[in-house]
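Open the model in your viewer and switch to a cartoon display. The tour goes from one selection to the next and says what is found at each stop.

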Amino acid sequence: MHRIGVVVNPIAGMGGRVGLKGTDDKVDEAIERGAEPRAPGRAVDALRALRERAGGLGEGVEILAWGGRMGEEEAREAGFEPVVPGGPASDGVGDTTGEDTREAVRAFVDYGVDLVLFVGGDGTAVDVAETLSELGSETPMLGVPAGVKVYSSVFAVTPRAAGRLAVVFDTTETREVNDIDEDAYRGGEVHTELRALAEVPVGEDLQSSKQVGGGTVEQLAEGVAADAREDTGGTYVLGPGSTLATVKRELGFDGTPLGVDVWRDGEVLVLDATESDILEHLGDRNTVVVSPIGGQGFVFGRGNPQISPDVIRRSAVEVVASRSKLDDTGVLRVDTGDVDLDEELRGWERVRVGRFERRMVKVV
């Protein structure tokens with residue numbers, strides 16, 4: 001019997017589509033901006049994939065889940081009858097805490113789970129990893145990506161990949177758990193800190209640690225800017241990151257380094273846009289310009305949830321990257337939260353690597 005402990009941070013990722021770039025100490029503001037929980041749905045996706053991989057009925061798998069919205073509800077929705085060793089003191093939206101996650105991990109270790117499957121972002125990963133370390137436990141952990149920031153290498157590339165890997169792994173390796181200062185992140189600076197080391201299942205669908213910067217992009221930025229200026233009436237949704245920062249400077253403005261900006265006909269329509277801002281300012285002809293995350297290859301689903309499936313479906317997509325970044329990543333990845341859209345985006349993509357030159361890269 002394969003025993004898996006499941007804990008969900010129900011507020012993880014809520015700040016993303018409303019432009020908060022994280023939810024630490026920002027839950028109330030996220031709710032005021034109209035944010036909706038993202039993690040529960042991703043937890044259900046992961047657990048359904050786990051159930052399918054275990055033969056459709058979950059044979060040979062025992063699920064322990066923390067109570068209420070922190071795992072129990074999601075496990076039941078996915079078709080499991082979980083063992084519930086405890087739950088949070090309060091289960092309202094925004095009321096759960098990191099200590100609830102830590103208490104869940106302690107209970108799972110007491111029950112002798114073979115894996116802690118958690119749903120959240122880097123902050124949740126820190127809570128899980130530090131608790132395992134404090135207990136002296138070598139129990140492996142695996143993350144279902146649901147946060148805005150996913151810098152650590154303890155996550156699977158998608159929720160479904162996490163579910164599948166949770167069932168089939170037979171070896172683990174030591175990986176890094178990193179976190180960043182969210183206030184600095186909101187101000188456009190990235191300060192990463194190694195918080196823990198953890199044992200993680202080995203599989204092809206694990207993501208790497210995020211790399212920052214790398215490579216020169218001036219020529220491709222000139223190409224994007226030239227095309228945008230000639231595209232009279234076209235609306236450009238410019239994603240986050242150092243590569244797009246160069247594009248924004250070439251267009252004549254200092255953009256939001258880690259946010260999404262909207263530009264049309266020489267005018268910045270919105271800086272640091274939310275999903276609703278973007279949708280409000282889209283026109284008849286729209287282009288989303290993004291660059292893959294170095295070391296991971298994600299073009300959607302990490303760091304830019306404001307560029308939602310609704311935005312993508314109304315836009316053309318242009319991917320830009322330096323040659324060195326593409327050499328490092330090898331492939332591109334998408335994890336929009338919309339399974340059908342992810343499938344549509346997969347295949348071969350023409351990535352701009354210079355002013356005119358493009359390279360064919362596979363989206364997987």
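Select residues 2–8, which form strand 1, together with strand 2; the two run parallel and are joined by five bridges. This is a predicted model, and the pairing is read from its coordinates. Within this pair, pick V6: its bridge partner in strand 2 is A65. Strands in a sheet pair through backbone hydrogen bonds, in either the parallel or the antiparallel sense.

In what order do its four strands lie? The order is 2-1-3-4, the pairing is parallel, and the sheet is open. Strand 2 (61–65) and strand 4 (141–145) are the edge strands, each pairing on one side only. On average, neighbouring strands of this sheet are turned by 25° against each other, direction ignored.

Select residues 98–111, helix 4, which lies across strand 1, strand 2 and strand 3 (115–120). Its direction is at about 170° to strand 1. Then select residues 122–134 for helix 5, which lies across strand 3 and strand 4. Helix 5 runs at about 155° to strand 3.

Select residues 261–264 (strand 8) and residues 267–270 (strand 9): three bridges pair them in the antiparallel sense.

Methods
Residues are numbered from 1 along each chain as its sequence is written. This is a predicted model: local features need pLDDT of at least 70, side-chain atom pairs count only at pLDDT 80 or more; totals for chains, interfaces and linings use all residues. Side-chain values use heavy atoms; hydrogens and water are left out. Two strands pair if DSSP finds at least two bridges between them. Axes are lines fitted to C-alpha atoms, for helices over the stretch in contact, and angles run from 0 to 180 degrees between N-to-C directions. Contact means heavy atoms within 4.5 Å.
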